[in-house]
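Please examine the sequence and the model shown here before reading on.

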Amino acid sequence: SGLKKPLNFTMQKHLKEDDKKVFLETFGCQMNENDSERLLGFLRETGYERTLAPEDSDLIILNTCSIRDKAEQKVYSTLGRFRALKDVNPALLIGVSGCVAQQEGERLMKRAPYVDLVVGTANIHRINALIKEASLNKKGVVATAMSASIEKDEFSRRVQKTPYSAFVSIMRGCNNFCSYCIVPYTRGPEVSRAAAEVLDEIAGLAEKGTKEVTLIGQNVNSYEDAGGVNLTGLIKKAALIEGIERIRFVTSHPKDLSGELIHLFAEVEKLCRHLHLPLQSGSDRVLKAMKRVYTVEEFLKKVEQLRSLYQDMAITTDIIVGFPGETDKDFEETMKVIRAVRFDNIFSFKYSPRPGTAASRLKGHIPREVKSERLKVLQDTQRSITLERSEALVGRTMDVLIEGRSRHDASEVAGRTRTNRVVNFPAPQALRGSIVDVTITGAYQNSLRGVYNERSLLCS
């Protein structure tokens, strides 16, 4: 967050009269990160440049997540701090985009009347027109209409965090309606982009030096465009694009993980052997209440197939603890799966009731302290597993895409393996964007350490 220090209310003059600054803060998942890149791309067309100083901005946008109550409340507390900036500079525009904007709409402006702009998830490409409208409308502007189709320019702009890897949206929305999840309400029904449009975007990224693309959507496994191209077909076509060396996809629903897709990891060399496969619970009873439409046995069979085919496959997952009605026995069943599968990592959360979802109306909500205790047990166990799996990599040589400076030592570089592990190692900064062989020499909780072979430059 750019708000860890007290705000400086001294408004700084811009170097040019037409020099416009935007402060953008992102909350949430890869979809939100991708949406922020798109927002910045569209805003740049009308002269906005990003600033890390909210007090120096003409426009403030919070790109929000509402998957959990804590994330939503953080948005409102952050907005409250920006209100003082608005008092100092009435010309400042404050906007909220993303899932909280889509969920709350007009209610958000009633709760925070100093907000000028509420932009829903399907209206990001309209940001410049909406800003113009908001600057003329003292009552503010709300744009939360959902479209049943994807407009041609909806995903056409971006400002990447790193030039070497990029998220590429291949669809939006979700049709699953898991009982705890608000995404179908904030992102709408599933709509797939035309394969030709996606491939054109990837080709354009490759021309600019991007080496790795991650195909993203709420449930990428169900991607299928009007011409009948499914996810496996799209990946095969993307792998033919010159300059693209790595392909990833996220997020997968276990029910849609087909044998065809599993075998694609062997067929397409560029497809990285890392799969994020959300389990959510190790109890069949809880999975049924979550409306996940698969059993633990079915999930484990797919994991077993992946691991038997690819010993180097990294598998990560999501777990929710404290779902309504979850008993000690249910939780222990989840822990049994955690210990049996030995995921490379997990993203774990305490259940948070979301407005309008079926789970929010269930009986048997778990006390906060019980959820906290279960989460601690889960995370402590997984931390040990993650470290052990990392330590098993010491001595192995892996190819790493160098993304930039190490966060731990600015004189070193950091990159990712094909299995999505961060590696820090000494190497010239000029090698950013290169893929090199790195021998792993040390393992830590969230990263690896290594040395690279100077004669191993695989791609530059």
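P324 counts as buried, with a relative accessible area of 6%; buried means under 20% relative accessible area, exposed means over 50%, and partly exposed lies in between (1.4 Å probe, protein chains only). P324 belongs to the loop between β13 (314–321) and α12 (328–341). Helices (H or I, at least four residues) and strands (E, at least two) are DSSP runs, numbered from the N terminus. Not counting residues up to four places away in sequence, P324 touches Y351, A359, L362, K363, G364 and H365, where contact means heavy atoms within 4.5 Å. K211, by comparison, is 113 residues from P324 in sequence, and the two C-alpha atoms are 43 Å apart in space.

The model is predicted: local features need pLDDT of at least 70, side-chain atom pairs count only at pLDDT 80 or more, and totals for chains, interfaces and linings use all residues. Residues are numbered from 1 along each chain as its sequence is written, and side-chain values use heavy atoms, with hydrogens and water left out.

**Two further buried residues**

F249 is found in strand β11. With a relative accessibility of 4%, F249 is buried. Residues up to four places away in sequence aside, the contacts of F249 include T214, L215, V220, N221, L231 and I235. L261, F265, L271 and L275 are also among the residues that F249 touches. Between F249 and C272 there are 8.9 Å in space, C-alpha to C-alpha, and the two are 23 residues apart in sequence.

A238 lies in helix α8, which covers residues 231–238. A238 is buried as well, at 1% relative accessibility. Its neighbours within four places in sequence are left aside here: A238 is in contact with L199, I202, I244 and I247. A314 is 76 residues away from A238 in sequence and 22 Å away in space, C-alpha to C-alpha.

The table lists the C-alpha distances of these pairs.

| Pair | Apart in sequence | C-alpha to C-alpha |
|---|---|---|
| P324 and K211 | 113 residues | 43 Å |
| F249 and C272 | 23 residues | 8.9 Å |
| A238 and A314 | 76 residues | 22 Å |

**Backbone geometry**

Most residues other than glycine have a negative phi, and most peptide bonds are trans. Which form does the peptide bond from V250 to T251 take? This bond is cis, with omega near 5 degrees. T251 sits in the loop between β11 (246–250) and α9 (259–267).

V293 is not a glycine, yet its phi is positive, at about 55 degrees. The loop between α10 (284–290) and α11 (296–309) holds V293. This residue, V293, is exposed, at 62% relative accessibility. N420 likewise is a residue other than glycine with a positive phi, near 70 degrees. N420 is placed in the loop between β16 (413–417) and β17 (422–425). Its relative accessible area is 29%, and N420 is therefore partly exposed.

**The chain as a whole**

The protein chain has 13 helices and 19 strands. Its radius of gyration is 23 Å, close to the 23 Å that the globule rule gives for 460 residues, so the chain is as compact as a globular protein of that length. The radius is taken over C-alpha atoms, and the globule rule is 2.2 Å times the number of residues to the power 0.38. Along the principal axes, the C-alpha atoms fill a box of roughly 60 × 60 × 50 Å.

Of the 460 residues, 54% count as buried. Among contacts with a separation of 6 or more, 71% are between residues 24 or more positions apart.

How confident is the predictor, and where is the pLDDT below 50? The chain averages a pLDDT of 91, and 94% of the residues score at least 70. The pLDDT is the predictor's confidence in each residue, from 0 to 100. Over residues 1–17 the pLDDT is below 50, and this stretch has 30 contacts in the model beyond near neighbours in sequence.
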